[in-house]
Amino acid sequence: MVAAALSSFLLVANAAALDNGAAAPDFSVISGEGQRLALEDIKDRAALVLYETRETKEDNRELKNALNKLYAQNSELGKASIVLSVIDCSGAAWPFKGIWRKELAKNSEKEKITIYGDWDGK
């Protein structure tokens, strides 16, 4: 099941992959708890970014479960790599950003991973 989920993701990921040797674009995301993460924070680790919208977050459920299981079984994997779950929050209107942050925090606790928000769409 893990292999099938990863294979499915790799097919999708290759469509938007960077060219070999290309530098990752600079980014900054913020969790529901206010934790900021930027490219410089993970520069020495391999990163898999699951960039989702509210509408598509369930599409990757099987993949996310498989990755959580894989990381739980191999603690060394977490030292060399990271899986980032990022939700597109750029459409959140000012009065509702607090609600979105609370939901990110709640879902981070539920999923047992930090879920970050892309607040500026960059």
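Visitor: Why does Lys-112 count as exposed?

Guide: Its relative accessibility is 75%, and exposed means over 50%, buried means under 20%, and partly exposed lies in between, with a 1.4 Å probe and protein chains only. The value of 75% is therefore on the exposed side.

Visitor: Where is Lys-112 found?

Guide: Lys-112 is in the loop between H4 and strand S5 (115-118). Helices (H or I, at least four residues) and strands (E, at least two) are DSSP runs, numbered from the N terminus. Lys-112 also has a positive phi of about 65°, although it is not a glycine.

Visitor: What should I know about the model itself?

Guide: This is a predicted model, in which local features need pLDDT of at least 70 and side-chain atom pairs count only at pLDDT 80 or more, while totals for chains, interfaces and linings use all residues. Residues are numbered from 1 along each chain as its sequence is written, and side-chain values use heavy atoms, with hydrogens and water left out.

Visitor: What is the mean pLDDT of the chain?

Guide: The mean is 80, and 85% of the residues reach 70 or more; pLDDT is the predictor's confidence in each residue, from 0 to 100. Over residues 1-15 the pLDDT is below 50, and this stretch has 11 contacts in the model beyond near neighbours in sequence.

Visitor: How many helices and strands does the chain have?

Guide: There are 4 helices and 5 strands. Starting at the N terminus, their order is α-β-β-β-α-α-β-α-β. Of the 122 residues in the chain, 26% are buried.

Visitor: What makes Gly-117 a buried residue?

Guide: Gly-117 has a relative accessible area of 0%, so it falls on the buried side. This glycine lies in strand S5. Leaving aside neighbours within four places in sequence, Gly-117 is in contact (heavy atoms within 4.5 Å) with Val-29, Ile-30, Val-86, Ile-87, Cys-89 and Leu-104. Gly-117 and Ser-90 are 27 residues apart in sequence, and their C-alpha atoms are 8.2 Å apart in space.

Visitor: Ile-87 is one of those contacts. Why does Ile-87 count as buried?

Guide: Its relative accessibility is 9%, so Ile-87 counts as buried. Ile-87 sits in strand S4. Beyond its neighbours within four places in sequence, the contacts of Ile-87 include Glu-52, Lys-57, Leu-104 and Tyr-116.

Visitor: Why is Leu-67 called buried?

Guide: With a relative accessible area of 7%, Leu-67 is buried by that definition. Leu-67 lies in helix H2. The C-alpha atoms of Leu-67 and Val-83, 16 residues apart along the chain, are separated by 8.2 Å.

Visitor: How much space lies in the second largest pocket?

Guide: About 310 Å³. On a 1 Å grid over the protein atoms alone, a cavity is a set of points where a 1.4 Å probe fits but cannot get out, and a pocket is an open set with protein on both sides within 12 Å along at least five of seven lines; lining residues have an atom within 4 Å of a point. Grid points are joined across faces, edges and corners, and a volume is the space filled by probe spheres set on the points.

Visitor: Which residues that line the second largest pocket are closest to its centre?

Guide: Of the 17 lining residues, Lys-57, Ile-87, Glu-103, Leu-104 and Asn-107 are the closest to its centre. Helix H2 (61-73), strand S4 (81-88) and helix H4 (97-111) each give two or more residues to the lining, and H4 has the largest share, with 7 residues.
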